[in-house]
Structure formats: structure tokens, C-alpha cells
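Here is a short tour for a first look.

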Amino acid sequence: MSHRLASLTIRLRVLVVVGWIAAAVVCTLTLPTIREAQVGALGDLVPVDAQAIDAELRSAELFAFPVLSRTVVVIRDPGGLSIRQQALIAERLVQLNRGELPRLRATRGYLVPNVLGVAPAVRERSTTILLPLLFPPDVGPTGRNAAAQRLAREHLRPLVPGGFVGVTGAIPARAEQARQIEDHLPLVELATILFVLAAVGLYFRAVLAPIVNLVAVALSYLISIRVLAVVGQALGVSVPSEVQPVIVALLFGVVTDYTLFYLSRYRRRLGEQQDAQAAARQTAAELTPIVVTCGMAVVAASAALLVADLGFLQAFGPGMAMAALVAVAVSVTFIPAAMGLLGNSLFWPTRPSRERAVDTPRRADRLAHVLVAFAVRRPRPTILVCLVGLTAMASGTLWMNLGNPLVRSLPPDSPARVAYVQAQRGFVPGALSPTVLIVEQDGIERRPAALSRLQQLLRAEPGVAEVIGPATNPTDQRFGAVLALPGNAARFIVVLRANPLGAGAIERLRRLRGRAGPLLRQAGLSGAAVSFAGDTALSQETVDDTVDNIGRVVPAVLLAVLLVLVLFLRSLVAPLYLVLAAVLAPLASLGLAVGLFQGVLGNRELTYYVPVAAGVLLVALGSDYNIFLAGRVWAEARRRSLEEAIVVAGAGAARAISAAGIVLAVSFALMALIPLQPFRELAFVMAAGLLIDAFIVRTVLVPAVISLVGYRSGWPGRWLRPRPSRLPPET
């Protein structure tokens, strides 16, 4: 089939090239972008069955009005807000709640001033007012953000001419995050284009080769990004804006890798004085099965994220899979067609006919040859040294904290983060998004003493700054704020000291959940049902669910890669240790990331989805090197001893694997140009993991393991058979 596909591609080379270009143009002109296909927002980043969402809905059902808001207007004057200013702001709130403000008739809100209260909940006096906004369910994130900005700009800022008025919260932060990605994505693309052009140009010392590679990348991106938006729209799943930069890095790296494989082998065949079209046909027939297998490993590993519960991961995985699938289709057709069209001119101004093949053992890098030869002859100490080093790198994962630093991950001058900083100068950070605790029991409204004891016990818990509940109400009347109007339920607003989306608040709430039962019994409310709502509760469930998903996602990813390797190598033994080796680089890079971000830079956590997303991508992309290296070893073992085959194949593939690893690593590292903490974390983990994989795992560790296991690696297949060694004896 590969020979037939190669012959057909070369015969129809003009049609193939024109067809792909036409397909990219049609997709660009007729299909929606990812931003246009958005159908949701914050909900895509949380578990589909989150108990915190159910509790929030229950709170809205039981009580007269909601208190949770993800859009907050911050008003602050460090010199103090005068009584007149506070009265005017309160008057604006009354007008807002009566629907009297133009273009804000669906918006409601309430005031939280720092006039009253005690430390640590209040850090200053009469300097800051929080105005959480409330919206009907049919107002989406864009409408909520626009309404908040309009209220702040037109109705509140004129009241405090010498002070600060801004908007913060989860929804404005998500909007700002999307804007940062959109604004900086062209810079990432430009930097990646320049790097790939330079890298491929220097590798082949040619002009047209990097241009062909760049066209292949552009075709893959333009088609996959639009098709992904259409699929997400059809399924009713928003494709998060975070996916787009990752797809850019993935496509630049993967397509460039495949281009290097094809053009390196093509130049070798041209150097053997073959006809250009015949050389293109033979190159395509030889490498297409390997490239397809590499691509299918990426597709299978990425698609395995469908077993996750988070909408983000469910969209992230298929997004990567679709991009990889398009990249494979373009690579196995467009690149061979371009080789058939351009021939020797691909490598101008060099002349392949005068060069020796760069990927034969004689021209392999000497250091790589020495390392591989040592690993083959001394497999046990080599494996031990590699495992000790990788384990030391991975040890940082023991101290890894996960959180959702949505606001704090924004640039320091971002409006949402500036407003957040202003708010926490007047209040404890948790005041921006408190946690709601709902206690339900028949007749609970008639037990004020027990409810007061529970409120005091909650306030005494570590990490809690303030609790507002039934004991806060000095009258016996029920207004529907802390006691449900239908009865049988009480609501406590718990203000934590820490950032409500950070690892510190998540851990404190996790402890509070565990102590809820004993606290209820101590207060005399045994048997009452308790539930938690709010951003901290939602983030805790999201982080916990992400960690739990690792137990399902990792086996699914490894099984997918294992099946691809089994089919390709026709073996059961080698795929097992190759898949296990694929886990080492992700663990090592995550450990290094913890040391850098939590240790050196002083961040309190890594973004919760970075370990899963990076781990899946590293396993998938590392499988490319597995397949390329093992495929060459298996091919060489047909005519050499296994020991000699490993050295020849490992040293011969070292240059291609090293170049591919560097290109992939830099492509992902350039995501750090987006000034958002999750992308800088992901950029570091991916770059470090790919370099570790290319220069340690695939170049040294895997050859040593193959040598140690020996011919049993091919069981039950018969591709590996004992043959006499022709390696020179050691001296």
C-alpha cells in the first residue's frame, strides 16, 4: 500500500499540491474560527457533574437572592472614600437593582464595603468597596463582562475621580486570558516560523527545503484549526482558547520532524545518483509507514483524553488528535509531491549528488556513536545511571501543588489583575469569591443557638478569615439571606484568607470538608446535610477530578501507544519497555518544573491542567522517537547482529532524533511568549521533557534496554534473529 500511495502521489504531484492549497483556502474562507465557535466559557474548565454547581443551584433555589458572583467591580481610594462618595455609590446600586440604569436593566448587585468588620477579613477602613454583580442565566460571559465594564466606566468612575474603579473575577479574567492569547499568538507564530526556517535551512544548507516545510505546516494549521472549530460547534463543546497556541507548537514541531525524515532520506537517494522522481517514490514508500505510525501514536494518545471528565481535557485531546491527523495526511502526500516536483532544486545551492548521505553510520555524530556503543556494551550501568538521574529530576513531583491561578496568572498590568490587587489591599483575598456552605435539616431555622455555635466553630477553623451566617443577623426576622424562606436550610458565607482559586485555599477547603461532620456534631446539628458552593469549592473539585483522571487517562494513553507499537513492531516485549520509558521524560520535566516555578520563582502552585496536558503530549511525541529508533533497529537487525544493529541504527538516527527534539522543544518553548503563567509552565515542561527524551531516553537509555533484553525484544515475532556480530572488539 505504501508503494502504491507513493507512486500515485508522485504521478499526481501537481494535483496533490494544488489540492491541499485549495483545501486550506476553502477552509479559511468558509469555516468558523475557534473564537467564533465558542459555545461556553467557565463550565468547560470544570467537571460536568460538579457538586459545587449543584450546591450553587440549590442555594439560588432556597434563598431569596444569590451571593456568588464571578464578576466584581472594585472601587478603591487609598486616601479613603468619603461618606458622600459611599452614599452616591449606594444610590447607584439602588438604581441598578431597580433597572433604572440604561443598558443595564438585567444587571443586579450588592455592596461589600470595608467600613465594618475586623481583621484579617478587613485590612483597611473605608477605602474599598466590592460590588459583586448578579445576572440572569441567559446572559453569557461576554454580556456580563460588557455590563460590568459599562457600569464601572459610565456610572461609578465619575463618583471617585481620584480613586480606582475596575473589574475582576473569574469571568473577566477568562476574557482577559483569551485576549492575551489572541494578541500574542501572531508573535508566537512569527517567532516559530523564523526559527523553523533557520533550523531546517541550516540542517540542509538549502533555501527551498525550509519553504516546503513551512507551506506544509501552514496547510496543516489552516485546515485543522477550522475543522476543529466546526467539530466543537457541532458537538456543543467549546474549544478553549488555550488549545490554539498548543496546536501551533504541535504542528510546527511534528510537521518539521516528518519533513526532516523525508528530506534527509530523499537527499541520500539523490546522492546515490538516482532519478529525482524515482528517489521521491522510493523515499515515500520507505518512510510513509513510519510517519503514519508515528502520527497514529500521537493521534491515539491524544484521543485517549476523551476518558477525562473535564470538558477542557475532552476538547484538548481530540483537538490535538485532529491536528496530528491532518499533519500526517499533509506530510505523507504534500511533502513527497513537493519532492517529485522540485527534485534536486529542493537542496539548492548544495548539490546532493556530490554529498555522502548524512544519516549513514559513517557520517553519524562521533559522540552519539560513542554513547550508543557504550550503552550497548554496558547496558546495566548505563540504565542505572539514567534511572538515578531521571528519578532525581522527577523527585520534585512529590512537592507539586495544583491550583487554578486564573487571575494571578495574568500579566501584572492586566486590568483584571490590577483590580484584584486593589481589592486585596482593602480585604482579605477570599472576599472576592467567598465559599457558601449550605446546611439543611428539618426545623433548622428554629435552632439559632446551634447555628451560632456552628458559625463560631467555622470561624475558628485554620485559614478562615470571616463567617457570615445566622448569628450575624441581630433580629429574629428572616430576610432570605442566611435562613431559607421556606425553612429547613441555613447559609454560611465563609471568607478564606487565601486566593480563592489557589492551592492554599483549595487545601484549606479540603480540610474543612473533611471536618464538616465533626463540626456539625459539635454544634448539635448531627444528621444535617451540608454542601459547598463557590469558586474555591469548584476549583477543589476540578483539581481533585484532574488528579483522579490521571488514574484513567494515563492507562488509556499508554494502552493506545502500546497498541500502535505492537502493530508496528509485531512484538509484545519491546513495546512494553518502550512505553514504560516514555513515562520517564514527563515525570522528570514535571519535577524540574516544580523546582523552578514553586521553588525558584516562588509560585504557590502549578496550573491544574498542565501536568495532564503536558504528560499526554510528551508520551505521544516521545513515541515518535520510539517508532523511528525501533524501526531502524529492527530493519538493521535483518542483516546484522542485534548489538551491531543497535549501534548502527542508534548512532545513525541520533542526528535526526536530536534535530527533531530540538525543533519540537523550541516550538513549544516559544509558547512562553504568551505572558500567562499556564503557558509558561507548559512551555517549560514540554521543552524540558522533549530534550530529556531526545538526548537521554532515546539516545542512551532505550538502546541500553534493547541490548539488555536482547533478541527476546522481538517475541513473538521473528524479525529479530541471532546473527554474528561484526562490531570491533573493545580495546
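A residue counts as buried when its relative accessible area is under 20%, as exposed when it is over 50%, and as partly exposed in between. The model shown is predicted. In it, E176 has 9% relative accessibility, so E176 counts as buried. R179 has 38% and therefore counts as partly exposed.

**Salt bridges**

E176 and R179 form a salt bridge. Both sit in helix α6, residues 170–204. They are 3 residues apart, about one turn of the helix.

The structure holds 21 salt bridges. The table gives three of them.

| Salt bridge | Closest N and O atoms |
|---|---|
| E176 and R179 | 2.6 Å |
| E124 and R76 | 2.7 Å |
| R515 and E461 | 3.0 Å |

Where do the partners E124 and R76 lie? E124 is in the loop between β3 (112–113) and β4 (128–134). R76 belongs to strand β1, residues 72–76. The pair links distant parts of the chain, 48 residues apart. R76 is buried, with a relative accessible area of 4%. E124 is partly exposed at 24%.

R515 and E461 form another salt bridge. R515 lies in helix α15 (residues 503–523) and E461 in the loop between α14 and β8, so the pair ties together parts that are 54 residues apart in sequence. R515 is partly exposed at 36% relative accessible area. E461 is buried at 12%.

Salt bridges can also join up. E636, R639, R640 and E644 are linked in a network of them.

Strands of a sheet pair through backbone hydrogen bonds, either parallel or antiparallel. Here 4 strands form an open sheet, in the order β8-β9-β7-β10, with antiparallel pairing. Neighbouring strands are turned by 25° against each other on average, direction ignored.

Strand β7 (residues 435–440) runs antiparallel to β10, and 5 bridges join the two. L437 has F532 in β10 as its bridge partner. Helix α14 (residues 448–459) packs on the sheet. This helix touches β7, β8 and β9 (489–496). The direction of α14 makes about 160° with that of β8.

Helices α2 (13–30) and α10 (311–342) each give two or more residues to the patch. V14 is found in α2.

Conventions. Residues numbered from 1 in each chain as written. Predicted model: local features only at pLDDT ≥ 70, side-chain atom pairs only at ≥ 80, totals over all residues. Heavy atoms only, no water. Pairing = 2+ DSSP bridges. Axes fitted to C-alpha atoms, helices over the stretch in contact; angles between N-to-C directions. Contact = heavy atoms within 4.5 Å. Salt bridge = Lys/Arg side-chain N within 4 Å of Asp/Glu carboxyl O. Buried < 20%, exposed > 50% of the residue type's maximum accessible area, 1.4 Å probe, protein only.
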